[in-house]
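Please keep the structure in view while reading.

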Amino acid sequence: MNIKPLDILRVTEKSFVIAGPCSAESLEQTLTTAKELSSLGVKVFRAGLWKPRSKPGSFEGVGTKGLEWLQKVKESTGMLIATEIANTIHTREALKAQVDILWIGARTTANPFAVQEIADELETQIKSKKIKRNQITILVKNPVNPDLDLWIGAMERIANAGIEQIGAIHRGFSTYEKGLFRNLPHWHIPIELKRRVPQLTIICDPSHIGGRKELIHPISQQALNMGFSGLMIESHIEPERALSDKEQQITPKMLKSIMELLVVRESIDNSESLTELRREIDELDQMLLNLLSKRMAISREIGRYKKEYSIPVFQPSRYNHMVIRRISQASELMVDPDFVKLILQAIHQESVRQQLEIFNSTKNKNQ
Ligand code: PEP
Ligand code: MN
């Protein structure tokens, strides 16, 4: 996938925050929020205009007329402006209004037809030279369901349209049971995304993960600790009167105190102590591999013995006894017993596989 690190990262310092209301509701609410946020140093303003709501009849956004309000934000504060798009018409209108950043919402990412429609419109605009391929940034939220391929697939569709400035937003995954989070973070999914697409900029949306004001700070800090490049946080001038997502929106003042509390982990990739620790890890991994190799050799030896004396490969009593002993040893060494159990299972599975290979081979026992 031809994706470049996001240029918008350059307009901000160490890590960046996109902030603004869930929805633009009026010119006044939009502008006042933006001005307060801008005075805190926020450089990118978000506001939803077309709102995908679960229930018909709830507030579905102000639509196209809000584009003018966003333009006013840009003129009066110099902030970059961002809004959500879900179809061809939204894309066309937002581009015409020179919105800098478009994001694809979680419900839309889950629908390849809708994403393709957006990608086709972007491609048409690039080919007809209405926009330049680097002029527009597209952020793709994760799909509502925890499906990494669907998320990557959506970004591929946008990349295939010729867009290079693509980023991902982690906003959590929906769940039927209501628990602490509105949307479960499943952190391993964005981590795996980063492993599969290393050059991708990933930011975190703690507002939609937590669904509650109090969770914004801890989720944001966790995201920064894990190396996310930025945050998208919903902020409203009067959250209690917000027309959408009122439980999770915070005032610009609250955002300011959160931003002051957040610790941004700087890259210490080349520090001496980290290099030394990594060297030790490399050495230990090498020792682990040597041990595993020795262990497998003995296991094969046992396999040959079992074959010769017609003893079955798997002996549950021996296995259970071994697991119980190792787990109690692990607890004494402060290693998590569940983790040790997983490793032992994998090692045992491989031993059994190798012994069965010996059982099935017709070669002589010394080979
Ligand atoms: C939003 O950002 O306001 C929004 C609707 O987000 P999501 O697609 O993550 O639900
Ligand atoms: Mn919202």
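In what follows, a residue is called buried when its relative accessible area is under 20%, exposed when it is over 50%, and partly exposed in between. The model is predicted, and every value in this report is computed from it.

**Overall form**

The protein chain contains 13 helices and eight strands. Its radius of gyration is 27 Å, well over the 21 Å that the globule rule gives for 367 residues, so the chain is more spread out than a compact globule. Along the principal axes, the C-alpha atoms of the protein chain fill a box of roughly 85 × 45 × 45 Å. Of the 367 residues, 44% count as buried.

**The manganese site**

The manganese ion (ligand 2) is coordinated at 2.1 to 2.4 Å by C22 through SG, H208 through NE2, E234 through OE and D245 through OD. Along the chain these donors follow the spacing C-x185-H-x25-E-x10-D. Within this set, H208 in helix 8 (residues 206-210) and E234 in strand 8 (residues 230-234) form a pair that links distant parts of the chain, 26 residues apart. Both H208 and E234 are buried.

**Cysteines and strand 7**

Which cysteine sulfur is closest to that of C204, and what does the distance imply for a bond? The closest one belongs to C22, and at 16 Å it is too far for a bond, given that a disulfide requires a pair of cysteine sulfur atoms within 2.5 Å. By this rule the count of disulfides comes to zero.

I203 lies in strand 7 (residues 201-204). The C-alpha atoms of I203 and V17 are separated by 8.9 Å, although these two residues are 186 residues apart along the chain.

| Residue | Relative accessible area | Class |
|---|---|---|
| C22 | 0% | buried |
| C204 | 0% | buried |
| I203 | 1% | buried |
| F339 | 45% | partly exposed |

The value of 0% for C22 falls under the 20% cut-off, and therefore this manganese donor counts as buried.

**A nonpolar surface patch**

On the surface, L333, V335, F339, L342 and I343 form a nonpolar patch, which together has about 480 Å² of accessible area. One of its members, F339, lies in helix 13 (residues 337-360). Because its relative accessibility is 45%, F339 counts as partly exposed.

Methods
Residues are numbered from 1 along each chain as its sequence is written. Chains are lettered from A and ligands numbered from 1 in the order in which they are written. This is a predicted model: local features need pLDDT of at least 70, side-chain atom pairs count only at pLDDT 80 or more; totals for chains, interfaces and linings use all residues. Side-chain values use heavy atoms; hydrogens and water are left out. Patches are made of residues with over 30% relative accessible area and no salt bridge: like charges are joined within 9 Å, nonpolar side chains (Val, Leu, Ile, Met, Phe, Trp, Tyr) within 5 Å. Accessible areas come from the Shrake-Rupley method with a 1.4 Å probe; for residues, only the protein chains shown count as cover. A salt bridge is a side-chain nitrogen of Lys or Arg within 4 Å of a carboxyl oxygen of Asp or Glu. Helices (H or I, at least four residues) and strands (E, at least two) are DSSP runs, numbered from the N terminus. Buried means under 20% relative accessible area, exposed over 50%, partly exposed in between (1.4 Å probe, protein chains only). Donors are N, O and S atoms within 2.8 Å of the metal (3.2 Å for Na, K and Ca); water is not among the atoms, so sites may look incomplete. The radius of gyration is taken over C-alpha atoms; the globule rule is 2.2 Å times the number of residues to the power 0.38.
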